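Please look over the following points on helix packing with the structure open beside you.

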Amino acid sequence: MEHIGILGGGTSGYLTALSLEKLMPNTKVTVIESSRIPVLGVGESTTPKLLRMLHDLLGLDLGEFYREVKPTWKHGVRYLWGDKKNSFTNNSLGFISPFLSVDIVDDINYNSLNSVLINHEKSFMIRTGNPEKPYKSFALPHSYAYHLDNKRLSSYLKRKAEERGIQVLDTKIEAAEIDEKGHIDHLVNDQGETFIFDFYVDCSGFRSMLLGKTLQTPFESFKSSLFTDSAIVGNAKHNGIIKPYTEARTMKNGWQWNIPMHDEDHLGYIYSSSFSSSDDAEKEFRELNPGLGEVKTLKFKSGRHEKFIVKNVAAVGNSYGFIEALQSTALHMVITNVYALVLHLKSLEKGNDISSDINENLGEIWDKLRWFIAMQFKYNKRSQSDFWRTCNREADVSGLEELIHLYQENGPLHEVKAAFSQVQEAEQHQIYGLFSHDFMLLVMGFWPKKLPYSITEKDKVYWRKRYALWDQLAGKALYQHEILKHVEVYPEIIEFDKFFETPFLLDG
């Protein structure tokens, strides 16, 4: 693998290029993108896995990143969703204890310190009163992620790629030619010029120009489980408070995200075109957000290609697959595919082709994510519109039905997994652990018939005191707008070295 070509820039293309440059230093990497295909500037809600890639694996400087990309912090997702008992539910990052919280104070939102911070709309930073060390972080490992503007992120990653010697070509590729063995032989641009590489990475988005269009790799649709296919996006000013969470709000024909950035909220309404016209969706969107500016409408399809690697091509990002935006999985799955790509290429260097194993395992990861997200549509009873009644009645969650039954009969899955091989098997290839499944089932109104523990009066006294301390700490914590400017200049104050418990390891 002397030379790898990446078709498409954007976040997927440049994260792939930077990772290959870092993990395969003897390989030349070229990114081909066209400035005539604009990057859509929308908010991106991420998971902690991106922080590990950016600042641990790729070693991108924290201060520079905060100054140029302007991230905000995300403690989790606030859901206006599911069972109507709770007006909202905080699904916070890190470990959560929702059953304990409900048992002790009849409030699911004391499930963690992060959830209490969400309630107070505060960050994880506090003033110490010590002039030598004026700020203190109490973030736990893996307990926050970023909200990002993907246009700023893509621009920054492009500059870092060029600084690290990655070649970037601005030209529009019109076709790819195949050789007699079915491999991509070369790419052809709109001027008739050819570009030849040893291996090709398709980051061309929904066009899937190499994996889908050229190699005709079958596409497995998720439309029997996920009915949304359109989105309207736009921005609106907020009140100056940068909320530390993504919001997912049930709408008439889908749902709305709210991703808070420094000066405005990035909003999107994901809906089903089978139940709403674009005009009606925009009207509903604007009624909820009166300060909404100019909007854009996007189309998408949920599903994945049958294979991730075909011959000398692999696909990263939407060119391989896309799952409904609920749960902030887009960049998480980009990273998952990038690591799978590196494993494949490193195995080829050793003379081993494990592409069939990688294709099977990666497909399983995507399929299990499909069921997890589809479950949240199937059992969301917040609205009784035609769209939601259809989801409740028809959305296919067959891949989770047995687990849901085990949960109801025996208790939280993460507590009882040792007793059930089906649960242990289900835990494999999950990007969201069993306790996330337990939490979302609880949000939907599923309460198990029994819990595998009992709570004493002594326990209740202890936890009520602990919850009160969390409230006190959150009350004294800083709002994001009070601290993020300081982080740009003094990134050491967030004590990022504590964020990961173990060093990065590409472990298959």
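1. Axes here are lines fitted to C-alpha atoms, for helices over the stretch in contact, and the angles run from 0 to 180 degrees between N-to-C directions. With that in mind, and remembering that this is a predicted model, consider helix α10 (residues 355–378) and helix α15 (residues 434–443), whose axes come within 10 Å and cross at roughly 10°. Angles under 35 degrees count as roughly parallel, and that makes α10 roughly parallel to α15. Phe372, Met375 and Gln376 of α10 meet Ser436, His437, Met440 and Leu441 of α15, and this contact has 4 nonpolar, 3 polar and no charged residues.

2. Helix α5 (residues 113–120) packs against helix α16 (residues 457–476) at an angle of about 50°, their axes being 9 Å apart, which makes α5 oblique to α16. The crossing of these two helices, α5 and α16, is right-handed. On the α5 side the contact is made by Leu113, Val116, Leu117 and His120, and on the α16 side by Trp470, Asp471, Leu473, Ala474 and Gly475; by class, the residues of the contact of α5 with α16 are 6 nonpolar, 2 polar and 1 charged.

3. For helix α2 (residues 48–57) and helix α9 (residues 330–349), the axes come within 8 Å and cross at roughly 55°, and the two helices are therefore oblique to each other. Lys49, Leu50, Met53 and Leu57 of α2 make the contact with Leu331, His332, Ile335, Thr336, Val338 and Tyr339 of α9, and the residues of this contact divide into 7 nonpolar, 2 polar and 1 charged.

4. Which residues of helix α17 (residues 480–489) are buried? They are Gln480, Ile483, Leu484, Val487 and Glu488, and because they cover an arc of only 150° around the axis, they lie on the same side of α17. An α-helix has 3.6 residues a turn, so residues three or four places apart point the same way. Lys485 and Val489, on the other side of α17, are exposed.

5. It remains to ask what covers the buried residues of α17.

Technical notes
Residues numbered from 1 in each chain as written. Predicted model: local features only at pLDDT ≥ 70, side-chain atom pairs only at ≥ 80, totals over all residues. Heavy atoms only, no water. Buried < 20%, exposed > 50% of the residue type's maximum accessible area, 1.4 Å probe, protein only. Helix = DSSP H or I, 4+ residues; strand = E, 2+ residues; numbered from the N terminus. Arc of directions from axis to C-beta. Contact = heavy atoms within 4.5 Å. Parallel < 35°, antiparallel > 145°, perpendicular 65-115°, else oblique. Left-handed = near helix turned anticlockwise from the far one by under 90°. Nonpolar A, V, L, I, M, F, W, Y, C, P; charged D, E, K, R; others polar.
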